[in-house]
Amino acid sequence: MSQPASKGSSAALFVAAIGVVFGDIGTSPLYCIKETFGGHHPLPIDRLHVLGVLSLVFWSLALIVAAKYVVIIMRADNHGEGGSLSLLALLNRALPPGSRTAAVAGSLGLAAAALFYGDSVITPAISVLSAVEGLQVAAPDYAFLIGPLTLVILAVLFAIQRSGTAAVGIVFGPVMVVWFIVLAVLGVRQIVQDPSVLWAVSPHHAVRFFMEEKVNGVLALGSVVLAVTGAEALYADMGHFGRGPIRLAWSLIVWPALLMNYFGQGALLLAQPAAVENPLFLMAPAWTAMPMVVLATFATVIASQAVISGAFSVTHQAVQLGYLPRLHVLHTSESERGQIYIPFVNWALAVAVVLLVAGFGSSSNLAAAYGIAVTGTMVITAVMAGIVMRRLWGWNSRLVWGLVSVFLVVDLAFFLANAVKIPHGGWFPLVMGAVLFAVLTTWKRGRQRLREAMEHDAIPIETVLDGAGALPRARGTAVFLSGNARGTPVALLHNLKHNQILHERLVLLTVSVENEPVVPAAERAASWPVRDGVVRVVLRYGFMEAPDIPRALANAKEQALGFFYEPMRTSYFVTRVIARPTGRSGMAPWREELFAWMVTNAATSTDFFHLPMNRVVELGANVEI
C-alpha cells in the first residue's frame with residue numbers, strides 16, 4: 001500500500017483522521033449507555049448489570065474494532081483504498097470470473113453497500129438529535145425546541161454540501177481532539193469516585209451478566225452494539241489517511257478516551273441511578289452543560305458529515321463499477337479527488353433524514369432502527385474478509401475458520417439482538433437496503449443485457465469503412481464514444497445514415513473503468529490503428545477517479561493516442577440510448593421497466609465525461625433488452 005504522504009505530515013494526517021474517521025464511533029457515548037439501561041429493554045441499575053454492560057462494551061471494542069478492523073481487515077487494501085466496494089473489486093480480481101464464490105462475494109459486497117446507505121441516513125438523525133437533547137439537562141425550559149432545532153441544523157448541514165468540506169474540514173480534527181479529551185476527562189472524574197468499575201475489563205462480569213439476565217442479556221446487546229457504530233469507517237476511509245495514522249489515532253486517543261468515558265458513565269449510574277436520563281451530560285459540572293451541548297452538536301455534525309461524504313464516495317464507486325447509472329458529480333476541490341458532491345444523493349439523504357427525525361421523534365426511538373444496518377454490514381464484512389484471508393492471502397484454512405468463526409459469533413449475536421427491533425424501526429434500514437440492492441443488481445444486469453444486445457447487432461468497423469469509402473470527408477477530428485472496444489459505435493452508424501459524411505480523422509473511443517482505485521497517468525491511454533485516418537482509443541480510469549475525456553486527450557502523448565489532439569478541431573459524437581423492455585432479458589418485467597427508467601434519467605455522456613457542450617453531437621438509439 002502506498003501511504004498518502006503527499007497529503008500532509010504524519011501529525012496532520014493523525015489529527016485529520018481523528019476528525020473524519022472517528023466522528024461516528026466518537027459520538028456513541030451520547031446514546032450507548034443511555035439506551036442500554038433506559039431504552040426499550042431497560043436493565044436494573046446495580047453493580048452486576050453495570051459491570052456486565054461495561055465488560056461487554058470493553059470486549060466489543062477490543063474484538064470488533066481493535067482486532068477485526070484495525071488489525072486484520074485494514075490489511076485488505078485495494079491499492080490503498082478500503083470499503084465494501086473496494087473489497088469487492090479486490091475479490092473480483094482474485095476469484096475466477098463466473099464462479100459461485102465470485103457470485104456470492106458480489107452479492108455480499110452489494111448488500112453491504114446497500115446497508116451503508118441506511119447507516120448514512122440514520123447516523124445524522126440520531127447523532128444530531130441526541131446532542132440537541134442535551135437541552136433537557138442544560139435548559140429544560142427550552143426542551144420543546146429539540147425537534148425544530150435538530151431539523152434546522154440538519155437542513156444547514158445538507159445545504160452547505162455543495163460548497164465542499166475543505167474549509168469546514170480544517171476544524172474537524174481539532175474539534176474532535178477536544179471532544180475526545182473532554183470525554184476522557186469527564187470519565188476520569190467519575191472513575192476516581194468509584195475505581196471498582198475498572199474490574200469490568202474482566203470477561204467474567206459479562207458471563208455473570210448473561211447468566212443472570214439470559215434472554216434480556218441478549219436483547220441488551222442490541223444497545224451495546226451502539227458502542228461500535230462507525231467501525232466500518234476505519235476501513236472505508238483508509239485510502240484518505242493510510243493505515244498508520246488511523247491505527248495510531250485509535251490506539252493513542254480514541255480507544256482510551258471512549259473506554260474512560262464509558263467506565264465513567266458506569267460509575268455515575270452506580271452513584272446516581274437517576275442519571276440514566278442522560279448520563280453523558282449529567283457527568284459534566286452544571287456550569288458546563290450548555291458548552292457541552294454546543295460541543296456535542298459540533299461533534300455530531302462532524303460525524304454526520306463523515307457518513308454523508310461516505311455516501312457520495314460509495315455512490316461514485318458504484319457508478320464507476322457499473323452498479324448505478326451515471327449521476328451528476330461536482331468536484332468541490334481542485335487538489336483532492338475524493339471531495340465530491342452528488343446533488344441527487346445529497347437531497348435524497350436530506351429528505352430521508354428529515355422524515356426520520358419527524359417520524360421517530362427521539363434518539364431513543366431512532367436507536368431501534370440503528371443497530372440492524374450496522375450489524376448487518378459487520379456480518380457481511382466478516383464473511384468477505386474470510387474469503388480474502390483464504391483466497392488472496394493464502395492463510396491456513398484452520399486459522400481462517402477460527403478467526404471468522406469468532407467474528408461471526410460476535411457479529412451474529414449483535415445482529416440477532418437487533419432483529420427484535422425490526423417491528424420498532426429496524427425495518428427501515430432493511431427496507432431501504434433491499435430497495436437499493438434491487439436497484440444495484442437491476443442496473444448491473446440491465447447494462448449487461450444492453451451491452452449484449454448492442455454487440456449482437458454490431459457491425460465490424462472495416463465493413464462500414466469499406467462501404468463509406470466514397471463519401472466526402474469533413475475537416476477535423478470526430479471522436480465517437482462507444483461502450484465497448486469492438487464493432488462500430490452506434491453514433492457513427494447514425495452519422496453516416498443521416499449526414500452521409502466522414503471526418504478526415506475518426507477516433508473510436510472507449511472508456512474502461514478498472515478494478516483498482518487509480519490508474520497512473522502514463523497508463524491512461526492506449527490506441528491501435530484501424531486503417532489510415534481511423535484509430536481506436538481506450539482510456540483507462542480507476543473506480544475512484546472521475547473520467548474527463550478532454551483532459552485525458554490533452555495530457556496524453558501523441559504516441560499513446562495515435563493522433564494529434566486539437567481541441568478546437570475536434571467534435572464528439574455520443575449515443576443517447578433508449579432501452580425498450582421486451583420480456584426477453586431474464587429479469588422480471590418490473591425490473592426491466594425500472595432499468596429503462598434509469599437509462600432515461602441517467603446523466604448524459606456530455607456531463608459525465610466533461611465534454612465541451614458546444615462540440616458535442618448527440619444521436620439517439622432504441623435498443624431492445
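**Overview. Salt bridges in the predicted model.** The structure holds 14 salt bridges, a salt bridge being a side-chain nitrogen of Lys or Arg within 4 Å of a carboxyl oxygen of Asp or Glu. This is a predicted model, in which local features need pLDDT of at least 70 and side-chain atom pairs count only at pLDDT 80 or more, while totals for chains, interfaces and linings use all residues. Residues are numbered from 1 along each chain as its sequence is written, and side-chain values use heavy atoms, with hydrogens and water left out.

**View A. Arg531 and Asp466 form a salt bridge.** Their closest N and O atoms are 2.9 Å apart. Because Arg531 lies in strand S5 (residues 525–531) and Asp466 in helix H21 (residues 461–467), the pair ties together parts 65 residues apart in sequence. Helices (H or I, at least four residues) and strands (E, at least two) are DSSP runs, numbered from the N terminus. Arg531 is partly exposed at 34% relative accessibility, whereas Asp466 is exposed at 54%. Buried means under 20% relative accessible area, exposed over 50%, and partly exposed in between (1.4 Å probe, protein chains only).

**View B. Glu523 and Arg540 meet in a salt bridge.** The N to O distance is 3.7 Å. Glu523 sits in the loop between strand S4 (502–514) and S5, and Arg540 in strand S6 (residues 534–542), 17 residues apart. Glu523 is partly exposed at 44%; Arg540 is partly exposed at 22%.

**View C. Arg524 and Glu545 are joined by a salt bridge.** Here the N to O distance is 3.0 Å. Both Arg524 and Glu545 are buried.

**View D. Glu504, Arg505, Glu566 and Arg569 are linked in a network of salt bridges.**
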